[in-house]
Amino acid sequence: MTSETITADAAGTWKLGDLTVNRLGLGAMRLTGSAAFHHGEPSDRATAIAVLHKARELGVDHIDTAAFYFSSLRSANELINTALAPYPDDLVVVTKVGPFRDYSGEWGTSARPEDLRGHVEENLRQLGRDHLDVVYLRRMRQDSIAEHFGALAELREAGLIRHLGISGVEPRHLAEAQAIAPVVSVQNRYALDHPDELLRICGEQGIAYVPFYAVAGTAGAHGATTDHEDEVLAIAKAHDASPAQIRIAWTLHQGPHVLAIPGTGNPGHLVENVAAAGIRLTDDELARLDSAHTKAG
């Protein structure tokens, strides 16, 4: 692939509420280290900032972050603020609230509804913003999200948040949230080896669907998977592409409402990830990959 010439707009666009973004974006989780959170070695700060600058050069206008994305030395929000503020008008920075990590990196008790304003304001402070473009409520095993989502809806009415999304949810949670306020996006785990019913439901309702760990697969927070299906390897070879690029391309082929946010802390990998926006899989290739996906389900 001639990855250097391919930019994020090759994937087409979708809207998060009234905010138009290219369907190929950037997840900020891996900016902070070789693996998410405290699992790997902290990143080199200059390199992480270079990734963000390169992303903008390549047309990335959708960055997914969170205050709990930090390693022992690096904060994703601080890196984004340093690299990109003052923020361009076309850049959409989305974040999520609910989970909590203390300064040592240990996971604490997830937020109660009354805690969410503090979570939102911490993201505002770290990012240097007066409002957040999109905020996801990340469900942390609670049966109902109504009280938590209602608290975020109040912050939206107060002008601290422009649009709302939900993450880590089941179909019933989407209906529950929609009875309170508009939902512009759902962010769930989804990949070749991890199906999710909400992909279809969001497509039917015109809601953005943003998979996480689409490239990482079973490796999750520890990094991109090296355990690729035979079909992925064969199709990657046919396109002179990497298996990760095929996973990203397959993700984008799942519907016009699907937004990919592959994360990386490496400028070269970023170029490869963005280049996946230009891969056009044939019907036969999609069928072969879909067969692997169906078996996983």
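Predicted model: local features only at pLDDT ≥ 70, side-chain atom pairs only at ≥ 80, totals over all residues.
Residues are numbered from 1 along each chain as its sequence is written, and side-chain values use heavy atoms, with hydrogens and water left out.

Let's start with the sheet. Its 7 strands run in the order E3-E4-E5-E6-E7-E8-E9, parallel and open; strands are DSSP runs of E with at least two residues, helices are runs of H or I with at least four, and both are numbered from the N terminus. Two strands pair if DSSP finds at least two bridges between them. At the edges sit E3 (26-27) and E9 (208-209), each pairing on one side only. Further in, E7 (residues 161-167) and E8 (residues 185-187) share 3 bridges in the parallel sense, and Ser-167 has Gln-187 of E8 as its bridge partner.

A pocket here is an open set of points on a 1 Å grid over the protein atoms alone, where a 1.4 Å probe fits, with protein on both sides within 12 Å along at least five of seven lines; lining residues have an atom within 4 Å of a point. Of its 24 lining residues, Ala-67, Phe-70, Tyr-103, Glu-122 and Gln-126 lie nearest the centre. Helix H3 gives the largest share of that lining, 6 residues.
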